[in-house]
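Reader: I have some questions about how the terms are applied here. Please set each value against its definition.

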Amino acid sequence: MGEVIVVTSGKGGVGKTTTTANIGTGLALKGKSVVLVDADIGLRNLDVVMGLENRIVYDLVDVVEGVCRQRQALIKDKRFPNLYLLPAAQTKDKNAVNPEQMQKLTGDLAEEFDYVILDCPAGIEQGFKNAIAGANKAIVVTTPEVSAVRDADRIIGLLEASGLRNPMLIINRIKMDMVKRGDMMNIDDMIDILAIDLLGVVPDDDLIVVSTNRGEPVIAIEQSLAGQAYRNIVRRVLGEDIPFMNLESEDGFFKRVAKLFGLNKKKQ
Amino acid sequence: MAENAVIFKGTKDGLYIILKEEMDLSTIKYNLEKKIKPSKRFFEGANIMNFKGKKLTQDEFDELKEIMEQEYGMTVIGSYNDKDYPVHEEHRGAKKPEILEQLPFDNVHKGEALIVRATLRSGQLIQYKGDVVVIGDVNPGAHIKSAGSVIVMGTVRGIIQAGANGDYGAFIVAYKMQPSQLRIGDIITRSPDGMGSKSDNPEIALVKQGMIVVEPYLKNR
């Protein structure tokens, strides 16, 4: 039985889809069999971010409704070994499936794959309930903004209420120079409020925009800072003990890495 | 509302003046003056088909007609008697000229078509049992499923499914063909990866030897 991980946040636009795509790709690069499930029915994006949009024939709703077999709806990503995508339907809405159906679907997928990673829609309504129904692990993504942290807190509460204990936190899009100046929430403050385990911190990176638009996950880009952060996160998901460099030496790590790539020249 | 005592209404037959039922003649005259005076030059020479709304007596009608013609330089075309029988009502009863079918060659397809005058956006699905004509674009994530052919007077970026009941003779035509996917019958094709060169010419997609082929349909351009 594989693991079923839901990536969620409450707030929109914090990077759930990007995180899903990169963790999934990273796990596949590590030799695991992975299926990414887009649970955002009606507002699907994961297929676009993965660059697989034009290969969709059947989708999640077709599988649930029995229009096609599960295998037919899975899109194989030819660039990475053992990476599949189950796209969401775009012409339906969240009410097209119910939590019981999602539970069955993710259960079936978990028998075939090491990791089933669900990209949860924003919000706490039907879509959220569908996405978490079959999950046995949760990753909460937030950004260093009070609104995102507030929503993450609400989500953590809802996850725990539905039996998903110990969700893990990813802090996305942090700008260490702003944190240093006191213009951005720092990591410790966020962990103080949310009080869950930190899975990783992903720095703000222009390459994310580039890779998203190209449909190539940034984790595969060697020189990307965000890519490095995702590679570390993947290893932590796999149970490796990768030290939190950013926590031990605060911004020192990022500065060092930035200097390494000559990125510190562009001042914010 | 005194402002609405008099309303100018353009119809396909011409201009009508609609008089509010409960207004007396002096109010109407006052309101006409108020409406027309500021833009007298605009109204000058205009043809008024008739008055509508309030029932007028012959005298009232004549008085209003005189005011319109003498003071404001407009022409009232209708007469008192046909006031309640607007001109277009007469036309409505008239027999429309019937268009006889004349098909000079064989390569003609006859059938029902759905005409969509809108841009289809992500998540919008159109399913139809005949042909579909879109006057607008089909954006990524939009989906047209048609039993017949599909014609898009715009750019196709989404998914077009023609001959959805298994008709391999169906085709897809677009001003700009940049689809994420085309399907004819049960044959599926997608744009090549890596966003290659895009044709700026109108193109047609049809089935040739079991494959969907996209080519310009105006060969000598």
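Author: Domain bounds come from an automatic or database domain assignment. The model is a predicted one. On that basis chain B is divided into domain 1 (2-91) and domain 2 (113-216).

Reader: How far apart are the centres of domain 1 of chain B and domain 2 of chain B?

Author: Taken over C-alpha atoms, the two centres are separated by 52 Å.

Reader: Why is A:I221 called partly exposed?

Author: A residue is buried if 20 or more other C-beta atoms lie within 10 Å of its own, and exposed if 12 or fewer do. A:I221 has 18 within 10 Å, and is therefore partly exposed.

Reader: Where does A:I221 lie, and what is it in contact with?

Author: A:I221 is in the loop between helix 10 (206-214) and helix 11 (225-237) of chain A. Two residues are in contact if their C-beta atoms lie within 7 Å. Leaving aside neighbours within four places in sequence, A:L207, A:S211 and A:G227 meet that test with A:I221. A:L207 is 14 residues from A:I221 along the chain, and their C-alpha atoms are 8.7 Å apart.

Reader: What makes a set of residues a nonpolar core?

Author: The members are buried residues of the listed nonpolar types, joined through C-beta atoms within 7 Å. The largest such core has 79 residues, of which A:I5, A:L60, A:I117 and A:L118 touch the most other members. Helix 11 of chain A gives the largest share of this core, seven residues. A second, separate core of 24 residues includes B:I160, B:A162, B:A205 and B:I212.

Reader: Which residues is A:L60 in contact with, leaving aside its neighbours within four places in sequence?

Author: They are A:V37, A:D38, A:I41, A:A73, A:L86, A:P87, A:A88 and A:A89.

Reader: Why do strand 6 and strand 8 of chain B count as paired?

Author: Pairing needs at least two bridges between the strands. Strand 6 and strand 8 (residues 143-146) of chain B have four, so they pair, and they run parallel. In strand 8, B:S146 is the bridge partner of B:Y128.

Reader: What makes strand 6 of chain B an edge strand?

Author: The open sheet has five strands in the order 6-8-10-12-13 (chain B), with mixed pairing. Strand 6 (125-128) and strand 13 (187-190) of chain B each pair on one side only, and these are the edge strands.

Terms used:
Residues numbered from 1 in each chain as written. Chains lettered and ligands numbered in written order. Predicted model: local features only at pLDDT ≥ 70, side-chain atom pairs only at ≥ 80, totals over all residues. Helix = DSSP H or I, 4+ residues; strand = E, 2+ residues; numbered from the N terminus.
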